[in-house]
Each structure stands twice: as structure tokens, then as C-alpha cells.
Amino acid sequence: SKCCNQRCLKKYVNKYIPITRWLPRYKFKRDFPSDLSTGLTLGIILVPQALSYGLLAGLPAYYGLYASLMAPCIYAFLG
């Protein structure tokens, strides 16, 4: 059956976009320090790797950065 009401739509969105479930319950003081540490670690590893992949593909290095940033962004929203 088609989703026609707000409750059904919310259930559908929560099912396919996980950030809508965990973001409202995010505890900034408790979770942010470890998330920041993880983000910095990812950035330190990701930047040189992405620059190298761009060059290996025969493109300017910054194209590798653009491509490598998409995966973590998509993962954050879709889990």
C-alpha cells in the first residue's frame, strides 16, 4: 500500500535514512570528542591517499579529494 500519511512517511524515511534516527539522540558532550578524533584521523589518512589516487588516474590531484569526500558524506546519511 502507498504511504499517504505523515506517520507512514516518517517510518519510511527513518528506515532508509539512518541519520534521522540517531541524530535527534546525539549527545554532543559525550560523543563529539571521539567523533572529532575519528574525523581528524580519517582526514590525516584520506588526504594523501586521495591526492595520490587523483594523480594515478592522470587527473589533477584535487579531483581525488573531491571523489574521496563523497563516500564519507554518503555513509553519514545512509549508514
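**Figure 1. Tyr-16 in helix α1.** Tyr-16 belongs to helix α1, which covers residues 6-16. Helices here are DSSP runs of type H or I with at least four residues, strands are runs of type E with at least two, and both are numbered from the N terminus. This is a predicted model, in which local features need pLDDT of at least 70 and side-chain atom pairs count only at pLDDT 80 or more, while totals for chains, interfaces and linings use all residues. Residues are numbered from 1 along each chain as its sequence is written, and side-chain values use heavy atoms, with hydrogens and water left out. The relative accessible area of Tyr-16 is 45%, so this residue is partly exposed. A residue is buried under 20% relative accessible area, exposed over 50% and partly exposed in between, for a 1.4 Å probe and protein chains only. Although 62 residues separate Tyr-16 from Leu-78 in sequence, their C-alpha atoms are 7.0 Å apart in space.

**Figure 2. Tyr-26 in a loop.** The loop between α2 and α3 holds Tyr-26. With a relative accessibility of 25%, Tyr-26 counts as partly exposed. When neighbours within four places in sequence are left aside, Tyr-26 is in contact with Asp-31, Phe-32 and Asp-35; contact means heavy atoms within 4.5 Å. Between Tyr-26 and Ala-71, which lie 45 residues apart along the chain, the C-alpha separation is 22 Å.

**Figure 3. The salt bridge of Arg-30 and Asp-31.** Arg-30 is a residue of helix α3. Its side chain meets that of Asp-31 in a salt bridge, with 2.9 Å from N to O. The term requires a side-chain nitrogen of Lys or Arg within 4 Å of a carboxyl oxygen of Asp or Glu. One salt bridge is found in a search of the whole structure. Arg-30 has a relative accessible area of 60% and is therefore exposed, whereas Asp-31, at 18%, counts as buried. From Arg-30 to Gly-58 there are 28 residues in sequence and 43 Å in space, C-alpha to C-alpha.

**Figure 4. The course of helix α3.** Helix α3 has 29 residues, 28-56, and at 1.5 Å a residue should span 42 Å; its end C-alpha atoms are 39 Å apart, which agrees. The expected span is 1.5 Å times one less than the number of residues in a helix. At Leu-46, α3 bends by about 30 degrees, and the proline Pro-48 follows within four residues. A bend at a residue is the angle between axes fitted to the seven residues ending there and the seven starting there. The buried residues of α3 include Leu-46, Ala-50 and Gly-54. Part of the cover over the buried residues of α3 comes from α4, residues 61-78. After α3 comes Gly-58, with a positive phi near 80 degrees.

**Figure 5. Leu-51 and its contacts.** Leu-51 is placed in helix α3. Its relative accessibility is 29%, so Leu-51 counts as partly exposed. Residues up to four places away in sequence not being counted, Leu-51 touches Ala-61, Tyr-62 and Leu-65. The C-alpha atoms of Leu-51 and Tyr-62 are 6.3 Å apart, with the two residues eleven places apart along the chain.

**Figure 6. The largest pocket.** The largest pocket contains about 280 Å³ of space. Its lining has 14 residues, of which Gly-39, Leu-42, Pro-72, Tyr-75 and Ala-76 are the closest to the centre. At least two lining residues come from each of α2 (19-22), α3 and α4. On a 1 Å grid over the protein atoms alone, a pocket is an open set of points with protein on both sides within 12 Å along at least five of seven lines, a cavity is a set of points where a 1.4 Å probe fits but cannot get out, and lining residues have an atom within 4 Å of a point. Grid points are joined across faces, edges and corners, and a volume is the space filled by probe spheres set on the points.
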